[in-house]
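Me: I've got this one open and want to go through it with you. Can we start with strand pairing?

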Amino acid sequence: MSKGRIGVYPGTFDPITNGHLDIIQRASRLVDHLVVGVARNAGKGPLFSTDERVSMVREDVAALNNGASIEVRAFDTLLMHFAVDIGATVIIRGLRAVSDFEYEFQMAGMNARLNPKVDTMFLMASERHQFISSRFVKEIGRLGGDIAHFVSPRVAVHLSERFALEKSKGDEAKRVQTLK
């Protein structure tokens with residue numbers, strides 16, 4: 001059975017932010033079935049494992065409750081290979097600022113050369129989410145700042161637990177170093 005027009009929204013989602021959720025919600029209205037592809041990109045040194053990121057994305061997508069057909073899957077292949085494997089005809093990318101455009105424009109060009117049958121669609125971040133990035137959210141959270149406006153309450157809990165674990169490991173390492 002065909003799912004109609006399939007789109008893929010790829011990312012590392014480390015962690016998923018309210019900006020990502022905004023793009024997911026809007027993208028789900030543009031395709032019949034949206035696959036949120038969670039990249040196993042270990043080169044970025046993610047805070048959370050792939051399984052943890054997939055789980056967080058699934059939790060937040062389920063909470064959208066917009067009736068759209070959305071699936072969350074991990075992938076570790078070339079994005080274009082993943083898109084073809086799932087039958088996607090469009091790759092959806094979010095743009096926060098002009099600075100994102102140059103990189104995304106180059107990627108869209110490369111992807112078009114790899115497979116001209118798969119288009120890239122850009123969605124501008126909504127005004128209230130333009131400044132949010134996973135990197136900033138992690139930095140603010142790690143330093144004890146309030147991240148409640150940038151991520152869902154579920155993700156905020158995951159982040160605070162992870163930072164507490166990191167702090168506890170750091171404190172233990174300092175204690176061991178002092179004993180030497």
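Me: How many bridges join β4 to β5?
Reply: Six bridges join β4 to strand β5 (residues 119-124), and the two run parallel. Val90 stands opposite Asp119 in β5. Strands count as paired if DSSP finds at least two bridges between them.

Me: What kind of model is this, and how are residues numbered?
Reply: It is a predicted model: local features need pLDDT of at least 70, side-chain atom pairs count only at pLDDT 80 or more, and totals for chains, interfaces and linings use all residues. Residues are numbered from 1 along each chain as its sequence is written, and side-chain values use heavy atoms, with hydrogens and water left out.

Me: Back to β4. How many bridges join it to β1?
Reply: Two bridges join β1 to β4, again running parallel. Val8 stands opposite Ile91 in β4.

Me: Is β4 mostly covered or open?
Reply: Mostly covered. Five of the six residues of β4 are buried. Buried means under 20% relative accessible area, exposed over 50%, and partly exposed in between (1.4 Å probe, protein chains only).

Me: What about β2? How many of its residues are buried?
Reply: Seven of the seven residues of strand β2 (residues 33-39) are buried, so the strand is largely enclosed by the rest of the structure. His33, Val35, Gly37 and Ala39 point one way from β2. Leu34, Val36 and Val38 point the other way.

Me: And how many bridges tie β2 to β1?
Reply: Six bridges join β1 to β2, which run parallel. Pro10 has Gly37 as its bridge partner in β2.

Me: Zoom out. How many helices and strands in the chain?
Reply: Six helices and five strands. Helices (H or I, at least four residues) and strands (E, at least two) are DSSP runs, numbered from the N terminus. Along the sequence the pattern is β-α-β-α-β-α-β-α-β-α-α. Of the 180 residues, 43% count as buried. The C-alpha trace spans about 60 × 35 × 30 Å along its principal axes.

Me: Next, α2. Which of its residues are buried?
Reply: Thr50, Arg53, Val54, Met56, Val57, Asp60, Val61 and Leu64 are buried in α2. Seen down the axis of α2, they fall within an arc of 165°, so they line one face of the helix. The arc is taken from the directions from the helix axis to the C-beta atoms.

Me: Which exposed residues sit on the face turned away?
Reply: Asp51 and Ala62.

Me: What span should α2 have?
Reply: 21 Å, for 15 residues (residues 50-64) at 1.5 Å a residue. The expected span is 1.5 Å times one less than the number of residues. The end C-alpha atoms of α2 are 21 Å apart, which agrees. Just after α2, Asn65 takes a positive phi of about 55°.

Me: Where does Phe13 lie, and what is its phi?
Reply: Phe13 is in the loop between β1 and α1. Its phi is positive, about 55°, although it is not a glycine. At 3% relative accessibility, Phe13 counts as buried.

Me: Which peptide bond is cis?
Reply: The bond from Asp14 to Pro15, with omega near 0°. Pro15 is also found in the loop between β1 and α1. Most residues other than glycine have a negative phi, and most peptide bonds are trans.

Me: New topic. What volume does the largest pocket have?
Reply: About 1200 Å³. A pocket here is an open set of points on a 1 Å grid over the protein atoms alone, where a 1.4 Å probe fits, with protein on both sides within 12 Å along at least five of seven lines. Grid points are joined across faces, edges and corners, and the volume is the space filled by probe spheres set on the points.

Me: How many residues line the largest pocket?
Reply: It is lined by 40 residues, and Gly11, Thr12, Lys44, Arg93 and Glu104 lie nearest its centre. A lining residue has an atom within 4 Å of a point. The largest share, eight residues, comes from α4.

Me: How does that lining divide by residue type?
Reply: Into 18 nonpolar, 14 polar and eight charged. Ala, Val, Leu, Ile, Met, Phe, Trp, Tyr, Cys and Pro count as nonpolar, Asp, Glu, Lys and Arg as charged, and the others, Gly among them, as polar.

Me: Last one. Is His149 buried or exposed?
Reply: His149 is exposed, at 62% relative accessible area. It sits in the loop between α5 and α6 (153-179).
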